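User: Please take a close look at the aromatic pairs and at the nonpolar packing around them in the model below. A connected account would be welcome.

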2 protein chains.
Amino acid sequence: VKGPDGPGLPGEVLVVGTGLIGTSVGMALTSEGSTVRLSDASPGSAALAADLGAGRVRRDGDPDPRLVVVAVPPDAVAGVVAAQLVAFPGAVVTDVASVKSAPLAALRAVDGMTGSALARYVGGHPMAGRESSGPAGGRTDLFVGRPWVLAPHAGSSDDAVRAVRDLALEVGAVPVTRDPEAHDAAVALVSHVPQVVSSLLAARLLDAHDSSVELAGQGLRDMTRIAASDPGMWSEIVVANRDAVVPLLEAYRDDLAALIDDLASGAGRAAVARTVETGRLGVGRVPGKHGGAAALYAVVGVLVPDEPGLLARLLTDIGDAGINLEDLRLEHSLDQPVGSAHVSVRVGERERLEAVLLAQGWRLTAADD
Amino acid sequence: VKGPDGPGLPGEVLVVGTGLIGTSVGMALTSEGSTVRLSDASPGSAALAADLGAGRVRRDGDPDPRLVVVAVPPDAVAGVVAAQLVAFPGAVVTDVASVKSAPLAALRAVDGMTGSALARYVGGHPMAGRESSGPAGGRTDLFVGRPWVLAPHAGSSDDAVRAVRDLALEVGAVPVTRDPEAHDAAVALVSHVPQVVSSLLAARLLDAHDSSVELAGQGLRDMTRIAASDPGMWSEIVVANRDAVVPLLEAYRDDLAALIDDLASGAGRAAVARTVETGRLGVGRVPGKHGGAAALYAVVGVLVPDEPGLLARLLTDIGDAGINLEDLRLEHSLDQPVGSAHVSVRVGERERLEAVLLAQGWRLTAADD
């Protein structure tokens, strides 16, 4: 739909590792006018990425790249980054692993690694594409609007940081800077621990009676959605970030154990109330729409029979009234051909929204929050 | 919008306790043509419910009710049910508490309770209206399409069960029968334990750095949504169902503790992979749309700039192509005026949906699952 809006990044970009992320980087850069070369331990994978529009497979005699994007699994990052720093003494090298401290420590420990070589390395983490998948899953738009964390170390040069920021911007991502430790602490909190918590909760369903699981509602569905993730990818991520993950899991376990003790001893009421209240305060810190502070929206439930086009009509009715939709969730009913749409609007718009919907013949229902 | 489609329930229905649930029961029954009388320990609350259309406040000399709906907090249920069974020897009595075994045991232990009185009691649990709130939160449509669990005990009469089933149907709910223990095990698994797990996770955010919380994505938002619930209500529910909740929490804690040990000892990779894999299998048991088995839908991501009416246009384009939308999620971007809509369709419709959207000028993006 839209063509390149500039000449792309200067020089050649080499993408090493053509899985989902590497291929998507290549596709996005190519579509914006950059010259991309590809390499992968598997020549077939690199060729497939090239066929998908991610660039051309690198050949002997190609000019040295100005920027190398290492998109290999976390435990391979340090070795591959070191090799690229040596092979291309003029290049900036970055990676895309979802953990930053362990690869940096391993890189520093590589035999013969010098400060001037390290200065050309800046770690990165595009927070997109959680599914593990090969080049066929690559998408030009994978990074659009997503955070791309730049994690420079103390010795990273300004030029190198600038080059990686330009890369993030070029593919439509939002660059965000964190030092490697802060990055790892952040993803442990907002991603790795929630993954473990969700998987453990979903694991409890495995041996449950059908008659129990059948009563599941939206709450359980939300709590277990990310439990459908890939075991191989997650075991590598969690292990690579264990230094940040384990203390959080331990604190979680201690809170849980204390709550169980209180429940078993009969002092549970105050303990549960305190836990839920602390959680309420905690969830208030999760950023809402557009990264802003969590705003208090009013949620209005609307019954939507399961017929094609009805949801579109609902949103059209809302839009025609000039009311801005802040969020929308669909909730499905047990055994009934009707669902409800939970429409979030600014608190001050609630009454007008309800009046407009009732006037158009919609039936309102309760919304959970 | 729609009027009563029948004469309503036979005789008079007495609603005891005019909080959110009691008021909503009264409103729904009244709107369907039943005669509803109201009482509450707070006369002001009963009067407000009456003003909201939930029925008329019960007066001395009113005929005895045929059905009494006790909508008081869990720990008050047994006493109020017993009093109603005595006061109205011809009435069926039910309640709406989200825990069933403890109130039944307390009721059986009430001085002078007889088998013939108990035969007229059938426990109930409408699975709707999770927010704690007074009569002002009442809604005619609160129960439409939601499960309403009937939890008869061994001595409940068939007539009593039938009367409570008719009540559920009359307010638009879907009656589901479970014995009290099975009900409590089910809600511990699908509701109470997820609530505790979510609250404990959200509690970890309270003291976290802004720079960590700012990187939260949809996964964490899903995992902490129900953590915004009411502490007072939940402490009562969890304590009343502690016999079912504690063993599940203990099993969860043991799994977590084993995982932490493995991570700390260096044997973490296999342990995490096993945990995530077990979770994947568990989440596969969560019912999908309309209570059916979890189906595999294809999810297509579509960029939707934050302008009024664009989401409606997207859904209209999908509907015009004759493609049925199975689910829809909105994902918001960090600091960018663009979000993406994750559109779920049957797997076989994926290619056609993508072609239709691209032809209409939409930009596709990655969807997480």
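**Aromatic pairs and nonpolar cores**

B:Phe143 counts as buried, at 1% relative accessibility; buried means under 20% relative accessible area, exposed over 50% and partly exposed in between, with a 1.4 Å probe and protein chains only. This is a predicted model, in which local features need pLDDT of at least 70, side-chain atom pairs count only at pLDDT 80 or more, and totals for chains, interfaces and linings use all residues. Residues are numbered from 1 along each chain as its sequence is written, chains are lettered from A and ligands numbered from 1 in the order in which they are written, and side-chain values use heavy atoms, with hydrogens and water left out.

Over all chains, the structure holds 2 aromatic pairs. Rings of Phe, Tyr and Trp (its six-membered ring) pair if their centres lie within 6.5 Å; planes under 30 degrees apart count as stacked, over 60 as edge-to-face and the rest as tilted. A:Phe143 and A:Trp148 form a tilted pair, with 5.2 Å centre to centre and 55° between the planes. B:Phe143 and B:Trp148 form a tilted pair, also at 5.2 Å and 55°. B:Trp148 is buried, with a relative accessible area of 0%.

A nonpolar core is a set of buried Ala, Val, Leu, Ile, Met, Phe, Trp, Tyr and Cys residues joined through side-chain atoms within 4.5 Å. The largest has 87 residues, and those with the most contacts inside it include A:Val197 and B:Tyr252.
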